[in-house]
Amino acid sequence: MLHSLPFLYPRLFLGKEPPSITISEGWQRLVIDMCAAIDAALPNGMVEDFYIESIKEERARLSVRYHGTFTPEVANIIDAIEDLSTTVCEDCGEAGRQRSDGWMRCLCDFCEKERLIRLNRKN
Ligand SMILES: [Zn+2]
């Protein structure tokens, strides 16, 4: 699904390099909604010098890096989605919260429990 974003929203991904999109499934909906909102907020036609470089997880929070000129509206959309990601489970998309025991993540109670079980099995 995520690999089709540059085809669905070509105006957002006109950088020389293909965008680097590395997020877990739970945040896919957020990212798709964000791209639709940015595309709608951009002026009509080609937008010079704006493109998304990368979308990734950083310290249990969505992190969107973009390049070039943009309207305050676009910056607000990106800020809002990044903030929202701290309340959405990065694995399953349910309501989650940030957690840390050295390794930061944003998970719902269920996915956190599963993660701990997997971790215990390894040890
Ligand atoms: Zn979850």
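Strand 2 (residues 51–57) pairs with strand 3 in the antiparallel sense, over six bridges. Two strands count as paired if DSSP finds at least two bridges between them. Within this pairing, Tyr51 stands opposite His67 of strand 3. In general, the strands of a sheet pair through backbone hydrogen bonds, either parallel or antiparallel.

The model is predicted: local features need pLDDT of at least 70, side-chain atom pairs count only at pLDDT 80 or more, and totals for chains, interfaces and linings use all residues. Residue numbers start from 1 along each chain as its sequence is written.

The pair belongs to an open sheet of three strands, in the order 1-2-3 with mixed pairing. Strand 1 (20–22) and strand 3 (62–67) stand at the edges; each has a single partner strand, so one side of each is left without a neighbour in the sheet. Neighbouring strands of this sheet are turned by 20° against each other on average, direction ignored.

The protein chain holds four helices and five strands. Its pattern along the sequence is α-β-α-β-β-α-β-β-α. Helices (H or I, at least four residues) and strands (E, at least two) are DSSP runs, numbered from the N terminus.

The C-alpha atoms of the chain fill a box of roughly 55 × 25 × 20 Å along the principal axes. Of the 123 residues, 22% are buried, meaning that 20 or more other C-beta atoms, placed from the backbone, lie within 10 Å of the residue's own. Contacts require C-beta atoms, placed from the backbone, within 7 Å. Among contacts with a separation of 6 or more, 52% join residues 24 or more positions apart.

Key: A residue is buried if 20 or more other C-beta atoms lie within 10 Å of its own, exposed if 12 or fewer, and partly exposed in between; C-beta atoms are placed from the backbone. Two residues are in contact if their C-beta atoms, placed from the backbone, lie within 7 Å. Axes are lines fitted to C-alpha atoms, for helices over the stretch in contact, and angles run from 0 to 180 degrees between N-to-C directions.
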